[in-house]
Amino acid sequence: RGKIIEWDESNKPLRMAGTHIDITKQKLVESQLCKAKEAAEAASIMKSQFLANMSHEIRTPMNGILGFLDLLTRSPLSIEQTEYVKSAKSASEILLYLLNDILDFSKIEAGKLVMESITFSLHDVIRDAVNLLIPKALEKHLTLQINIHPDVPSQVVGDPSRIKQVLQNLVSNAIKFTASGEISVSVYVLTQSVQTVCLKFEIQDTGIGISEKDMENLFKPFIQADASTTRNYGGTGLGLAISKELVKKMGGEIGVSSVLHKGSLFYFTLELNLSD
């Protein structure tokens, strides 16, 4: 830093005083930190890309195990053997569910997630997503219902598998955190034009609810409401993070409103093209 302390008659500077600090070490440290950050980011991307590339190879043997276990349940077994097979199948399904979450999140991080744009029946996708989870709801004696508003168009253009995945994540969460009562899936039109329709999907439950403090971190990866949630209910804490990214990639928004111990309402909006 310098300061002019003497001027001549024509107001030109003659003398200046100041201090000089050698920041060579500081700049060296900054450079090293920058290189370390870049290396860490590159390693993270490589890890995500590796998992994304391995997605099919990892899922295939798990699906094979489940297939053989299913065949085994249809063969003559003793009562004890049947229970063993059921336990093995249940554990395999949980493992596949966890693998799917981790691999999907890796695909999103690696930028390898490709969205489809095809014509499909929205009503069928909603019903299929919910119907797959009916057995889980029945195990807990929960009422599971679908409410599709009459104005909701049947044929739309978008990615049916990703919409189905988001619905399954949210409904599965609702079942997981609801001990008694009901879960409803509602779909209605927000706005509609000649070519597009903006829809709102709502998944409401009568479960344990979420505090305001916990809602702030709810859609972050590997986060659940608190440590006891993981112990009591399991899961990776990736379902909501994946749902948020999928909805975002489809051009929509996702959110939640909740009252602790009284239930939660998860919702997301999507603007879809109408089919010709």
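Is Lys 89 buried, partly exposed or exposed? At 23% relative accessibility, Lys 89 counts as partly exposed. The model is a predicted one, and here are some points to go through with it open on your screen.

1. **Lys 89 and its partner.** The side chain of Lys 89 meets that of Asp 70 in a salt bridge, with 3.2 Å from N to O. Lys 89 sits in helix H3 (residues 79–109) and Asp 70 in helix H2 (residues 55–73), so this pair ties together parts that are 19 residues apart in sequence. Asp 70 is partly exposed too, at 24% relative accessibility. Buried would require a value under 20%.

2. **A network around Asp 70.** Please look at Arg 74 as well: Asp 70, Arg 74 and Lys 89 are linked in a network of salt bridges. In total, the structure holds four salt bridges.

3. Lys 27 forms a salt bridge with Glu 30, and their closest N and O atoms are 3.8 Å apart. Both residues belong to helix H1 (residues 24–53), where they are three residues apart, or about one turn of the helix. Lys 27 is partly exposed, with a relative accessible area of 48%. Glu 30 is likewise partly exposed, with a value of 37%.

4. **A buried pair.** Lys 200 and Glu 202 also meet through their side chains in a salt bridge, at 3.8 Å from N to O. Lys 200 is buried, its relative accessible area being 19%. Glu 202 counts as buried as well, at 17% relative accessibility. Both calls rest on the cut-off for buried, which is under 20%.

5. **Cysteines.** If you were wondering about disulfides, a search of the whole structure finds zero. Cys 34 is partly exposed, with a relative accessible area of 41%, whereas Cys 198 is buried, with 18%.

6. **Helix H3 from end to end.** How far apart are the end C-alpha atoms of H3? They are 45 Å apart, which agrees with the 45 Å that its 31 residues should span at 1.5 Å a residue.

7. **The buried residues of H3.** Several residues of H3 are buried, among them Val 85, Leu 96, Leu 103, Phe 105 and Ile 108. The buried set also includes Ser 92, Asp 101, Asp 104 and Ser 106.

8. **After H3.** Gly 111 follows H3, and its phi is positive, near 70 degrees.

9. **Two histidines with positive phi.** Which value does phi take at His 141? Phi there is near 60 degrees, a positive value in a residue other than glycine. His 141 lies in the loop between helix H5 (134–139) and strand S4 (143–148), and counts as exposed at 71% relative accessibility. His 261 also has a positive phi, near 70 degrees, and is again a residue other than glycine. The loop that holds His 261 runs between strand S8 (253–259) and strand S9 (263–274). His 261 is exposed, with a relative accessible area of 65%.

How values were computed: Residues are numbered from 1 along each chain as its sequence is written. This is a predicted model: local features need pLDDT of at least 70, side-chain atom pairs count only at pLDDT 80 or more; totals for chains, interfaces and linings use all residues. Side-chain values use heavy atoms; hydrogens and water are left out. Helices (H or I, at least four residues) and strands (E, at least two) are DSSP runs, numbered from the N terminus. Buried means under 20% relative accessible area, exposed over 50%, partly exposed in between (1.4 Å probe, protein chains only). A disulfide is a pair of cysteine sulfur atoms within 2.5 Å. The expected span of a helix is 1.5 Å times one less than its number of residues.
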